Amino acid sequence: MSNPDSFIDEVTEEVRRDKLFALMKKYGWIGILLVLLIVGGAAWNEWQKSQRQAASEAFGDAVLGALDNDDPAARLKALAAIGATGDRGAILDLLLAGDPVTDKAGALAALDKVAADATLSDAYRDLAVLRRVLIAGKDMPLAERRTALEAIAIAGRPYRPLALEQLALLQVEDGDAPGAIKALTELVQLQEATQATRARVGQLIVALGGEPPAQ
């Protein structure tokens, strides 16, 4: 009985091998394609990563080269000539607004561009709004400054403590020192406020005739 059984097993195994070979001939290209896709995808990702790194380094070098100019006008011209979009464009516009003494109108225009770009994160847009209020100063009506600051002073926004501090200073400008002291006292106790902010705000409270809360 052993010989027939062995023969049947051999035949069955041969049939299995034939079926497997036929399947490999029919569908083996799928496995090869998957391997090629995985290898190609990994190579593409590495290439993209190297391209992004090279672009970032080129942008950084261009910015540093522009900032090396001692002449403010030449520095602004060099920065404007770089050209960038997205986050890099936002960084460039914020740098262009870094010298409002030389070109205040240009600085405000650069900040307006960042603040109006809905594709950017709140970190860039809110910083642009805050800097615009500070640069414009009294050239911008107090009510407009208050409205702009209130929009970035809500809970969860990245520059909330700084916006609240500026709102308190607007109250001082508007002649409401008690209201400013109350707002600054609340700011000192705000969890998001840094130690530097608390120290500065405490000094403002004292200067306004108040007493800063114990920390």
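Salt bridges and a helix pair

Tutor: Arginine 145 is buried, with a relative accessible area of 5%, and since this is a predicted model, that value is computed from predicted coordinates.

Student: What does the side chain of arginine 145 meet in a salt bridge?

Tutor: The side chain of arginine 145 meets that of glutamate 173 in a salt bridge, at 2.9 Å from N to O. This pair links distant parts of the chain, with arginine 145 in helix H6 and glutamate 173 in helix H7, 28 residues apart.

Student: And is glutamate 173 buried or partly exposed?

Tutor: Glutamate 173 counts as partly exposed, at 35% relative accessibility, whereas arginine 145 is buried.

Student: How many salt bridges does the count come to?

Tutor: The count comes to eleven salt bridges. One of them is formed by arginine 157 with aspartate 122, where the closest N and O atoms are 3.9 Å apart.

Student: Where do arginine 157 and aspartate 122 lie?

Tutor: Arginine 157 is in the loop between helix H6 (142-151) and H7, while aspartate 122 is in helix H5 (residues 122-136), so that the pair, 35 residues apart, links distant parts of the chain. Arginine 157 counts as partly exposed at 24% relative accessibility, and aspartate 122 counts as partly exposed at 34%.

Student: Which residues do shared partners join into one network?

Tutor: Salt bridges that share partners join Asp122, Asp126 and Arg157 into one network.

Student: What about lysine 49, which residue does it form a salt bridge with?

Tutor: Lysine 49 forms a salt bridge with glutamate 46, and their closest N and O atoms are 3.6 Å apart. Both residues lie in helix H1 (residues 2-67), three residues apart, which is about one turn of the helix. Lysine 49 is partly exposed, with a relative accessible area of 45%, and glutamate 46 is partly exposed too, with 49%.

Student: Switching to helices, at what angle do the axes of H7 and H8 cross?

Tutor: The axes of helix H7 (residues 160-173) and helix H8 (residues 177-188) cross at roughly 165° and come within 7 Å. Angles over 145 degrees count as roughly antiparallel, and H7 and H8 are therefore roughly antiparallel to each other. Their crossing is left-handed.

Student: Which residues in H7 and H8 meet?

Tutor: From H7, the residues include Pro161, Leu164 and Ala168, and from H8 they include Ala180, Leu184 and Leu187. By class, the contact of H7 with H8 has nine nonpolar, two polar and one charged residues.

Key:
Residues numbered from 1 in each chain as written. Predicted model: local features only at pLDDT ≥ 70, side-chain atom pairs only at ≥ 80, totals over all residues. Heavy atoms only, no water. Axes fitted to C-alpha atoms, helices over the stretch in contact; angles between N-to-C directions. Helix = DSSP H or I, 4+ residues; strand = E, 2+ residues; numbered from the N terminus. Parallel < 35°, antiparallel > 145°, perpendicular 65-115°, else oblique. Left-handed = near helix turned anticlockwise from the far one by under 90°. Contact = heavy atoms within 4.5 Å. Nonpolar A, V, L, I, M, F, W, Y, C, P; charged D, E, K, R; others polar. Salt bridge = Lys/Arg side-chain N within 4 Å of Asp/Glu carboxyl O. Buried < 20%, exposed > 50% of the residue type's maximum accessible area, 1.4 Å probe, protein only.
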